[in-house]
Amino acid sequence: MSLGNLDISAVTVVNGLAMGALLLLIAGGLSLIYGQARVLNLAHGTFFMVGAYLAHTMMGAGAGLMGLAATLLVAAIVGALMGGLLSLAMRPLSGRGPLDQALVTLGVALVAAEIVSTIWGNDVHSIGAPAPFDGSVQVFGSSFPVYRVVVIGLGVAVAAAIYWGFDRTNYGAVIRAGVEDRGMLAATGRNPSIVVTSVFALGGALAAVSGVIGAPILGARPGIDNEVLILGLIVVVVGGLGSIKGAFVGAVLIGQVQVLGVAIMPAAASFLLFATMGLMLLVRPTGMFGAVSRRHA
Amino acid sequence: MSATTASRRQVAPQVQRSPDGVRRRVRVLLVLSLLGLLFAAPLLVDSFTVVLLMQILVFGLLALSLDFLLGQAGMASLGQAAYFALGAYTAAIIASHVTVSVVVGALAGMVVAGFAALVTGFFTARSHGIFLLMLTLAFGHLVHSAAISWTDVTGGSNGMAGIPRPSLLTEEQGVLGHDAFVYWYLLVVALLTYLAVRRISRSTFGVTLRATQANEERMRSLGHRTVAYRVAAFGLSGAIAGLAGSLSAVMHRFVSPADASFALSILVLVMVIIGGVGSLWGAFVGAAIVVVVQNQIAAFLPGRALLLLGLLFIVMVYVAPRGIAGLVAGRRPRRREEQEVVG
């Protein structure tokens, strides 16, 4: 998961911010589904992979702003459908404890990876940045791809949208109410199952969209699903499960660790990531902004 | 059938004695004939099937280690391959540099993997659910990267090939010169380990683990050192996985970073779930199904083994959450506590 060879400099930090923004998009959906539906979605990386391959199909030959917008729209719809279907698959298991649900998402990930490789093959595809953003800018005296600046912007925008959506809108209040007390939410005339399905759809859409956005950086290739899932899990574990604020801080931190690790000692980059997570869990067993009670996890 | 037997037993236990005795005798007969077949296998089937059986024994033992951890202690691990690899590499290094004796290799593999599991268990035993999954996943990745980057010892991504021919005692005495001997060695080790794990699961320690899984707070308030039990379970599970790894090194005479991969950890989890969590023998059934699907059925559908396994895995979670072992044991209503596996 190299972001290219770079000297350690201020550019590395900016690069880390771009990685962090991408991680935020990935971890945001993961944290959303865990926080609001209490399901650990191990198929999240698969949704990302589908988005990345959609980007390969629709933007592989080069795309402009319209092409990017169309791809994002298609990915959002496909991702929402996949997420919605997954939530329907979770319903028969609602009385069964968290492991069974996580296991089904794991099974879905295994099956879906095979289907993706049937459709798109096993080749590694790198995808160019869409036309308006394929140049570079001067950052601290070095040239830096414009696209990564755009990704940083997108990450901040999505983070703000999620935060605003959950804290300030009626829909956000309904979702939070569903987590607190499903029975009470049902008593207000809303269907908790539909609320949960909408959360899954939103999380799935977010994952597929982040796949499109991340494709020019990470590429579309077999195995990207697991890499992305693991990175996303690290972010939410460091930040605190189910906390959007935690996902934000976790993503920025892990983005820096990842990029600095690759720049300083490429062989040990994954060591650094897991060491960061291990340290965080030892100091705060529920992550930076995790709930104090461990019984939820 | 078994449901009626169970309910009638509660009403009138003395009436039930003779059919129960018949059932037990039938079961003993079945087990004995299966064992007989397993021991006679190298004489009955071709060498390819013997290799397949060896693979099942090795993976079955690895699945047994996870089944013990998950079924008894309620701790799910996504890094079980790490301990497997530690055992495999230890056995390979011992065989290449110290002695060809498989007994020494197996013991060393168990000790190294078990010790590593105790150390990781010290950190992970306080964690539950996804945090436990992540910590075990992290350790798995650590071992995997170590296997790749510590080239001097592990041979890097090429692994270690050409491990000397295994022997029970020394280079002259008890050489396992034929695949059949290796097979019998694996069979005996797997059988003994299975019996030992079954004994442990039925001991006070096993009961305490299951009770801790059911309600850790209550166990703690009763004065039990629950974290110590969980660490011990983790260490034992790691030692068994290490033993399985040493068998893998003996069988293939080759170890590679693939032995520590995330994919293997997932595959082991699939075996345990298909076989049936908590049954112990189901681990071997799950391993058999995974190995057969990967090697036999996949021949008709090239490259689609994971698709089949994934579908089977999903279907099992829905219709048979207690796996094949649960199907065999019948539809007896299980205690609620055993469903909540993530502790």
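The points below cover the contact between the chains and then the aromatic pairs.

1. A word on the source before anything else: this is a predicted model. Please keep that in mind for each of the points that follow.

2. Let me start with the contact between the two chains. Chain A contributes 40 residues and chain B contributes 38 residues. Together they bury about 3600 Å², and carbon and sulfur atoms account for 77% of that area. On the chain B side, three residues supply more than any other three: Ile130(B), Phe131(B) and Tyr318(B) give 19% of the area that chain B buries against chain A.

3. What about charged and polar links across the contact? There are 0 salt bridges between chain B and chain A. The count of residue pairs in polar contact, with both residues at pLDDT 80 or more, is 1.

4. H6(B) gives the most, with 12 residues. Sorted by class, this side of chain B holds 27 nonpolar, 7 polar and 4 charged residues.

5. Now to the rings. Over all chains, the count is 5 aromatic pairs. One of them is in chain A: the ring centres of Tyr53(A) and Trp120(A) lie 5.1 Å apart, and their planes meet at 20°, under the 30 degrees limit, so the pair is stacked. Tyr53(A) sits in helix H2 (residues 44-59) and Trp120(A) in helix H4 (residues 98-120) of chain A, so this pair links distant parts of the chain, 67 residues apart. Both Tyr53(A) and Trp120(A) are buried.

6. Chain B has a stacked pair too, and I would look at it with the helix from point 4 in view. Why does the pair of Tyr83(B) and Phe139(B) count as stacked? Their ring centres are 5.3 Å apart and their planes are at 25°, again under 30 degrees. Here Tyr83(B) belongs to helix H4 (residues 80-97) and Phe139(B) to helix H6 of chain B, and the pair links distant parts of the chain, 56 residues apart.

Key: Residues numbered from 1 in each chain as written. Chains lettered and ligands numbered in written order. Predicted model: local features only at pLDDT ≥ 70, side-chain atom pairs only at ≥ 80, totals over all residues. Heavy atoms only, no water. Contact = heavy atoms within 4.5 Å. Buried area = accessible area lost by both parts, 1.4 Å probe. Salt bridge = Lys/Arg side-chain N within 4 Å of Asp/Glu carboxyl O. Polar contact = N/O pair within 3.5 Å; in protein donor to acceptor, adjacent residues only side chain to side chain. Helix = DSSP H or I, 4+ residues; strand = E, 2+ residues; numbered from the N terminus. Nonpolar A, V, L, I, M, F, W, Y, C, P; charged D, E, K, R; others polar. Phe/Tyr/Trp six-rings, centres within 6.5 Å; stacked < 30°, edge-to-face > 60°. Buried < 20%, exposed > 50% of the residue type's maximum accessible area, 1.4 Å probe, protein only.
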